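Please open the structure in the viewer and follow the stops below in order. Each stop names a selection and then describes what is found there.

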Amino acid sequence: MNDDTFLAHVADGLAALPAVHAVTLGGSRAQDTHGPGSDWDFAVYYRGGFDPADLRAVGWDGEVSEIGAWGGGVFNGGAWLTIDGRHVDVHYRDLDAVEHHLAEARQGRFHWEPLMFHLAGVPSYLPVAELAVNRVLRGDLPRPDYPEALRETAPEMWRGRAGLTLRYARGAFVPRGQATEVAGALATAAMETAHAVLAARGEWVTNEKRLLRRADLRGMDAILTGLRADPDVLAKAVDDAETLFRTA
């Protein structure tokens, strides 16, 4: 299958599942930033009793999780599949939960969740960001603008987290010369600051892959490169990171 045929094949298969109201394409392929080997990221938007067994029954190779198996929060489950030789991710999106997060975001309210592979975790408005940037293949979904209320509340929260991350590193890791821990804290704080920068601009974020570049924070690379197990060197790195974050 060529890409267009493949896209239609998967979208039709997912849309036919019981309780599914819409199917989207996300990730780099929805934003035309993909390469030849990029995964295909789909989401199924369901209401009510979606059963992962129905997805397994389609017969595509791979692993299909139960609802809640990925933590039960924003990422409440999904599948890793191989279809026609292509790597495919499928995310479960409960429409009731998505609509709740959208209503909260419009009021400037959200919460933070940890997520594997994400240094800074994710905000609960991530499913709202997906509505805004992903490509709807089947069904209908809202396409929200970035709420002004969220532009007020999100930067403060993210910058607060970054500040606390650096404060802890300065007190707990720097005096002991613990370069690895300081490196981890600096990387985390950089991602948190990047979230703040993009929220202030009203730009949606769906993952961390290009987050530092988008926020003009790639200067962190030079700061991290100079780390070594010396308290003075580590203290200067934290100072330099604070300076960079203030100007972002």
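**First stop: two helices**

Select Arg159, Leu166, Arg170 and Phe173 in α6, which meet Leu234, Ala235, Val238, Asp239, Glu242 and Phe245 in α10; contact means heavy atoms within 4.5 Å. By class, this contact of α6 with α10 comprises six nonpolar, no polar and four charged residues (Ala, Val, Leu, Ile, Met, Phe, Trp, Tyr, Cys and Pro count as nonpolar, Asp, Glu, Lys and Arg as charged, and the others, Gly among them, as polar).

The model is predicted: local features need pLDDT of at least 70, side-chain atom pairs count only at pLDDT 80 or more, and totals for chains, interfaces and linings use all residues. Residues are numbered from 1 along each chain as its sequence is written, and side-chain values use heavy atoms, with hydrogens and water left out.

Now display the whole of α6 (residues 148–173) and α10 (residues 231–247), which pack at an angle of about 170° with their axes 10 Å apart. The two helices are therefore roughly antiparallel (angles over 145 degrees). Axes are lines fitted to C-alpha atoms, for helices over the stretch in contact, and angles run from 0 to 180 degrees between N-to-C directions. Helices (H or I, at least four residues) and strands (E, at least two) are DSSP runs, numbered from the N terminus.

**Second stop: the sheet**

Select the six strands of the open, mixed sheet, in the order β3-β4-β5-β2-β1-β8; two strands pair if DSSP finds at least two bridges between them. Because β3 (61–64) and β8 (135–138) stand at the edges with a single partner strand each, one side of each lacks a neighbour in the sheet.

Methods: Parallel < 35°, antiparallel > 145°, perpendicular 65-115°, else oblique.
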